[in-house]
Amino acid sequence: MKKDALLDRILLLATVIAVPISLYLVFLYAPLEKTMGLMQKIFYYHVPLAWICFLAFFVVFVLSIRHLVTKDIKYDIIAHCSVQIGVLFCGLVLITGPIWARPIWGVWWSWDPRLTTTLILFMMYVGYLLIDSFTSEEVKAARIKAVFGIVAFMDVPIVWYSIKWWRTIHPMVRDGKSGMNISPKMHVTLLFCILTFTLIYALLLRLAVRVRTTEKELEYLKDSLGEEMI
Amino acid sequence: MKSDLLKNFWYLVSAYSAVFVAIGAFVFTLFQKQDQLERELDALKKSKS
């Protein structure tokens with residue numbers, strides 16, 4: 001128990017320190033990009049949100065396999081919480097992206113492959129969260145969610161490679177020829193923001209797992225009280 | 001030119017605010033739910049004993 005509380009405190013402290021540093025780096029340290037100017041700075045949160053959302057769904061993928069193999073409900077609990085955070089971050093990608101797109105492309109949305117596949121990813125994992133409401137059997141729901149979590153993850157590499165496989169207007173981060181010019185200071189800022197969001201993800205996951213575990217404990221207690229009355 | 005810069009500044013502020021508001025709301029909901037669940041659990045444990 002003590003180790004858990006210490007880890008929580010360390011994570012919270014690290015996150016509380018990292019967030020203002022990331023804002024300093026974004027607004028004061030990183031230079032203005034040549035073509036997009038001020039709007040390019042959305043990239044420093046938009047890209048980490050996307051990458052950590054992929055991480056969250058990868059965690060779900062791994063835990064779903066573990067659940068199917070071991071049938072241990074704890075993997076379902078953690079996977080469910082990881083989906084909640086992944087959906088939150090994916091939703092934020094779909095909000096920050098259009099806010100950037102409006103002044104740059106002149107439109108809020110386009111049916112570009114990267115945007116469309118990300119929207120599909122978001123909707124699939126929202127679907128995952130709804131599975132519990134379709135069955136009262138915990139074991140059955142966990143199994144369905146595990147299979148869904150494995151299949152839905154197939155969209156993540158599709159989102160990632162969509163800008164290489166299809167014609168797209170979405171900027172590429174890594175390709176210096178056709179993408180954005182990234183200076184060393186921009187790289188440092190981006191990497192630090194990725195670290196910040198990784199810490200936020202870890203902290204949110206621990207909080208969410210605690211809530212879901214307490215929820216399950218309450219359910220089991222209610223069930224056992226119900227059985228005693230019968 | 002100045003109005004474009006101001007417009008872009010507000011777009012930027014909206015994007016960052018959305019991130020903080022959404023994550024903040026999620027954390028707040030988690031804490032609220034945890035409080036509520038712990039109260040229910042305590043009440044049930046007391047009634048069981």
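How much area is buried between chain A and chain B, and what share of it do carbon and sulfur atoms give?

**Entry 1: ground rules.** I noted that this is a predicted model, in which local features need pLDDT of at least 70, side-chain atom pairs count only at pLDDT 80 or more, and totals for chains, interfaces and linings use all residues. Residues are numbered from 1 along each chain as its sequence is written, chains are lettered from A and ligands numbered from 1 in the order in which they are written, and side-chain values use heavy atoms, with hydrogens and water left out.

**Entry 2: the interface.** I looked up the opening question: about 2900 Å² is buried between chain A and chain B, and carbon and sulfur atoms give 83% of it. Buried area is the accessible area (1.4 Å probe) that two parts lose on being put together, summed over both. On the side of chain A, the residues that lose the most area to chain B are A:L38, A:V211 and A:L218, together 18% of what that side buries. I then looked up contacts (heavy atoms within 4.5 Å). Chain A brings 38 residues into contact with 27 residues of chain B.

Next came salt bridges, where a side-chain nitrogen of Lys or Arg is within 4 Å of a carboxyl oxygen of Asp or Glu. There are three between chain A and chain B. A:K222 and B:E40 form a salt bridge, with 3.3 Å between the closest N and O atoms.

**Entry 3: one residue of chain B.** I picked B:L41, which sits in helix 1 (residues 2-48) of chain B. A helix here is a DSSP run of H or I with at least four residues, a strand a run of E with at least two, both numbered from the N terminus. Is B:L41 buried or exposed? B:L41 counts as buried because its relative accessibility is 7%; the cut-offs are under 20% relative accessible area for buried, over 50% for exposed, and partly exposed in between (1.4 Å probe, protein chains only). Leaving out residues up to four places away in sequence, B:L41 touches A:T214, A:E217, A:L218 and A:L221.

**Entry 4: the two chains.** I counted seven helices and zero strands in chain A, against one helix and zero strands in chain B. The C-alpha atoms of chain A fill a box of roughly 70 × 40 × 30 Å along the principal axes. For chain B, the C-alpha trace spans about 70 × 10 × 5 Å. Of the 230 residues in chain A, 48% are buried; of the 49 residues in chain B, 27% are.

**Entry 5: helix 1 of chain A.** I checked the length of helix 1 (residues 2-29) of chain A. The expected span is 1.5 Å times one less than the number of residues. Its 28 residues should therefore span 40 Å, and the end C-alpha atoms are 38 Å apart, which agrees. Its buried residues include A:D8, A:L11, A:T15, A:A18, A:S22 and A:L25. I recalled that an α-helix has 3.6 residues a turn, so residues three or four places apart point the same way.

**Entry 6: salt bridges within chain A.** I found 11 salt bridges over all chains. A:D8 and A:R206 meet in one of them at 2.5 Å, N to O. This pair links distant parts of the chain, with A:D8 in helix 1 and A:R206 in helix 7 (residues 184-229), 198 residues apart. A:D8 counts as buried at 17% relative accessibility, whereas A:R206 counts as partly exposed at 23%.

A:K145 forms a salt bridge with A:D76, the closest N and O atoms being 3.2 Å apart. Here A:K145 is in helix 5 and A:D76 in helix 3 (residues 73-105), 69 residues apart. Both ends count as buried: A:K145 at 0% relative accessibility, A:D76 at 5%.

A:K216 is buried at 8% relative accessible area, while A:E138 counts as partly exposed at 23%. Which residues do salt bridges with shared partners join into one network? They are A:D76, A:D132, A:K145, A:R212, A:E215 and B:K33.
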